[in-house]
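These are notes for a first reading of the model. Please keep the structure open while going through the points.

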Amino acid sequence: MKAEVIWLVALLFLGVAASGCIGGTGTETQAPSTEVQLTGDFTKDVIEIGKVLEANGINEVKFSAWGSGDPNSVMRVYGIVEAARRINRIWEENGINVRIVITETHYVASFQDAYKDYLSKQPLGQAGDFFVNSYAFLPTLAEEGYILDITDYAYAYKGLIDDFYPSLIEASKYKGRLYGLPQDTEARPLYVRKDVAEKIGLDVNSLPEKVKNGEFTWSDVYYWAKKAKESGAAEWGLIHRKGSAHPDLIQFIFAFGGKLYDEETGKLVVDVPAVYKWLYVEWKFAQDGLLPKDIMSWDWAKQIHPTIVEGRTLFDIGGTWYWTEWQTKQYYHGRGLKPEEVKDWFAYTLFPAGEKGLKPVTLSQPFVWMINSKAGQQNPKYDELKDVYHKLAFLILVKASDPDINAIHSVISAHLPVRKEAAKLIKDEKWLNNLKNLNLDLDQEVKENIKDIVKATVNPINAQFLADVSYMLEYTHFAPAHPKYPALADIFKEAVDKVLRGEMTPKEAVDYIIQKVQADPELAQNVEIVGEIPENWTFP
Amino acid sequence: MRDVETRPRKYEWAIILAVFFASLPLILGFSLLILSSFSTDMVTNLDLKSLHFTIENWINVFQGRLAITGGIRTNILRITLNTFIVALGVAGIVTLVSTMAGYSLSRIDFRGRKHLMVLLLLLHAFPGVALIVGVYLLYRLTFPQSPEMVRFYSFFYVVLARGALEIPMSVWLMKGFFDTVPWEFEWSGIIDGASRIKVWWKIMLPLVKPGILAVALFAFLAGWQDIIYVRTFLIDQTLATFIEANIEAEYSHMPLIAAAGTLYLVPTIIFFITAQQLLLQGYSGGIKG
């Protein structure tokens with residue numbers, strides 16, 4: 001018995017010693033970690049990711065950035081380039097031998113085309129790792145699983161998320177999950193020609209306040225437009241944009257207290273009373289010769305913009321970006337306007353309330369930075385390090401949202417900043433001066449590519465304009481991010497064209513919209529028709 | 001000797017005038033496009049007041065700039081090269097397949113020949129757009145896993161897919177050309193001991209040169225102007241997709257797009273001018289035996 005006990009104890013010791021040896025060798029051959037936890041401390045997180053990548057033998061991480069929009073909005077992709085440089089610098093300063101290379105900066109003018117391109121190339125793994133586009137496409141991309149759900153990553157960066165305007169963060173969500181970070185937004189003011197207004201006695205200084213209080217409504221717009229036309233002060237009373245892709249005109253629906261989307265049912269809405277009033281206003285303006293009957297087919301560069309900048313209209317419904325577009329494009333007798341001219345010639349207000357008792361509005365179409373759900377796949381060990389690559393992509397977005405990068409984009413493209421910190425920066429004269437001289441800590445490639453835009457657009461007048469219109473975001477509405485909205489918008493466009501040309505009365509046009517919706521089974525399923533044409537409603 | 005003897009000369013001017021007026025919209029359209037490319041504003045009507053001469057648009061196009069200010073520079077030479085690769089690839093594959101298939105259908109009697117010919121006609125009737133879903137599926141199935149190969153493969157695939165659309169009609173065209181070659185030419189070769197392939201290569205092909213040129217030219221133009229296949233499958237841009245992607249009227253500086261459009265026209269014009277005579281021979285469908 002004693003011998004057995006001695007054997008057992010000896011075996012136990014042997015076992016312990018052996019397991020110790022096994023453990024010892026295990027420590028020496030342990031595989032490098034492939035996981036990182038985001039803490040919210042940006043530098044710490046970047047260093048941690050760098051270390052994991054380095055330990056896994058990765059010294060270069062490749063990403064591509066796709067963007068689209070007007071030519072001045074190049075920071076939509078260069079923001080990514082700059083963010084990558086800033087992260088590289090952190091790694092360099094901390095002796096981490098990893099760097100990010102932005103392999104492709106793909107930028108096209110048409111954001112719809114860019115979206116289609118992304119749709120067809122993403123399943124094949126050829127779409128950009130970063131994709132900036134209208135929030136309107138976000139639900140479809142999220143539904144398809146083409147973009148990354150960053151909700152969990154964003155928890156660690158609550159401070160940053162809270163600095164974005166809340167409505168814009170909401171626009172970056174789908175079914176309660178966050179799929180991107182806002183990149184820019186805009187408002188659509190009602191521009192007023194000061195010289196024409198002066199001729200007819202319209203006080204433009206008090207106008208923004210009156211509009212804000214709902215005292216100046218579309219009936220007043222009609223009154224003054226008519227006065228401008230009849231007195232010969234202007235050829236037209238009002239000019240507006242055209243086409244269904246431009247959601248300016250649906251502001252009328254919101255201004256008349258209507259809605260376009262039902263949160264509860266998830267369906268689009270044809271709000272009959274509001275749509276009728278919108279069409280009636282358009283019809284009345286056009287029939288009285290205050291708005292061109294054929295404006296929906298006018299040419300942007302040869303008709304719409306020259307009519308505005310040459311002072312041939314009292315009012316214009318446009319976007320904030322018009323402010324710099326008029327300076328960089330040759331719409332005024334073959335030249336662009338000087339910043340001083342734009343300031344001296346144009347006043348701007350919110351889009352007035354439809355009628356007394358209602359509120360003024362504006363409309364935004366925020367652009368959102370999204371991450372491809374396959375981001376980083378062109379890099380080695382993608383399957384093992386997928387999570388690390390995705391978190392790094394998120395951190396690039398965090399960096400690209402730095403206030404200065406966002407503020408540069410705002411100033412040079414006349415879009416509104418999406419962060420409160422960026423909004424503060426554009427009011428800072430010293431910073432603005434540094435931007436004008438490109439005396440900022442920016443990537444050389446970025447500097448080279450924005451220098452002529454900076455030269456043309458950076459000045460205190462433009463910055464002041466942006467600061468002045470920022471308040472409009474508090475009144476903003478969004479076009480519905482619904483896959484069938486473009487089809488409905490096309491029908492609205494046809495109806496507007498028909499009432500402007502006098503081919504239909506507003507009532508007939510409303511019936512036309514309803515019939516067209518009901519004739520398309522998919523639209524009929526996705527659209528609710530709400531309310532009746534208001535009897536006894538008069539305008540102005 | 002005149003080619004058409006039956007036509008009275010007195011109507012010649014009437015016909016020329018009629019052809020001129022019929023093609024006037026095209027001539028005007030292209031002229032305005034070319035004029036606009038040298039102007040600060042688009043020249044969109046016959047009133048030439050908006051023509052303010054400048055070569056800035058062309059400079060910007062060659063620098064790959066899309067706007068007067070701003071924009072990301074695009075490598076336009078690379079884009080032009082991509083367009084050439086696709087166009088020449090399509091021309092090559094279509095010419096090779098259709099000269100061989102056309103010869104077989106013209107000269108060799110095999111089982112199912114007639115059915116094959118009918119099928120080819122039927123295939124030609126299918127528009128490329130209708131096939132794109134299936135072609136896309138095939139692309140996904142054959143897609144290489146290695147990211148380095150993707151760019152190369154996308155060129156390869158576009159050339160094959162676009163070429164496949166052109167092949168049915170080209171085979172018919174080539175068959176027509178081979179049909180016009182008298183059998184005696186071939187027999188003499190075969191009697192002398194040449195193989196079928198040798199006869200095809202040494203005797204038949206030189207006799208149908210205008211046909212080959214016509215097929216190659218049309219295939220080249222099909223590849224040059226293709227937009228939907230290129231846009232769906234090719235990773236890189238071609239001139240067609242470059243112009244399309246930047247034509248959004250509100251943002252774009254249209255005279256610059258006009259310059260890109262004119263650049264896009266140049267190879268077509270050069271080809272037609274240089275190959276005109278051979279093409280006419282091809283259309284008259286004959287060889288001089």
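1. Buried means under 20% relative accessible area, exposed over 50%, and partly exposed in between, with a 1.4 Å probe and protein chains only. Helices (H or I, at least four residues) and strands (E, at least two) are DSSP runs, numbered from the N terminus. This is a predicted model, in which local features need pLDDT of at least 70 and side-chain atom pairs count only at pLDDT 80 or more, while totals for chains, interfaces and linings use all residues. Residues are numbered from 1 along each chain as its sequence is written, chains are lettered from A and ligands numbered from 1 in the order in which they are written, and side-chain values use heavy atoms, with hydrogens and water left out.

2. Strand E14 of chain A (residues 367–371) is mostly covered, with five of its five residues buried. Phe367(A), Trp369(A) and Ile371(A) point one way from the strand, and Val368(A) and Met370(A) point the other way.

3. Two strands pair if DSSP finds at least two bridges between them. E14(A) runs antiparallel to strand E3 (residues 130–134) of chain A, joined by five bridges; here Phe131(A) has Met370(A) as its bridge partner. E14(A) also pairs in the antiparallel sense with strand E6 (residues 180–184) of chain A, over four bridges, and Leu181(A) stands opposite Trp369(A).

4. An open sheet of four strands in chain A has the order E8-E11-E7-E12, with mixed pairing. E8 (236–239) and E12 (346–349) of chain A are at the edges with a single partner strand each, so one side of each has no neighbour in the sheet. Within this sheet, E7 (residues 190–193) and E11 (residues 313–317) of chain A pair in the antiparallel sense over three bridges, and Val192(A) stands opposite Phe315(A).

5. Helix H13 (residues 272–287) and helix H24 (residues 506–519) of chain A pack at an angle of about 130°, with their axes 9 Å apart. Axes are lines fitted to C-alpha atoms, for helices over the stretch in contact (heavy atoms within 4.5 Å), and angles run from 0 to 180 degrees between N-to-C directions. Among the residues that meet are Tyr276(A) and Trp283(A) in H13(A) and Lys507(A) and Ile513(A) in H24(A).

6. Is Phe53(B) buried or exposed? Its relative accessibility is 63%, so Phe53(B) counts as exposed. Phe53(B) is in the loop between helix H1 (12–37) and helix H2 (56–62) of chain B.
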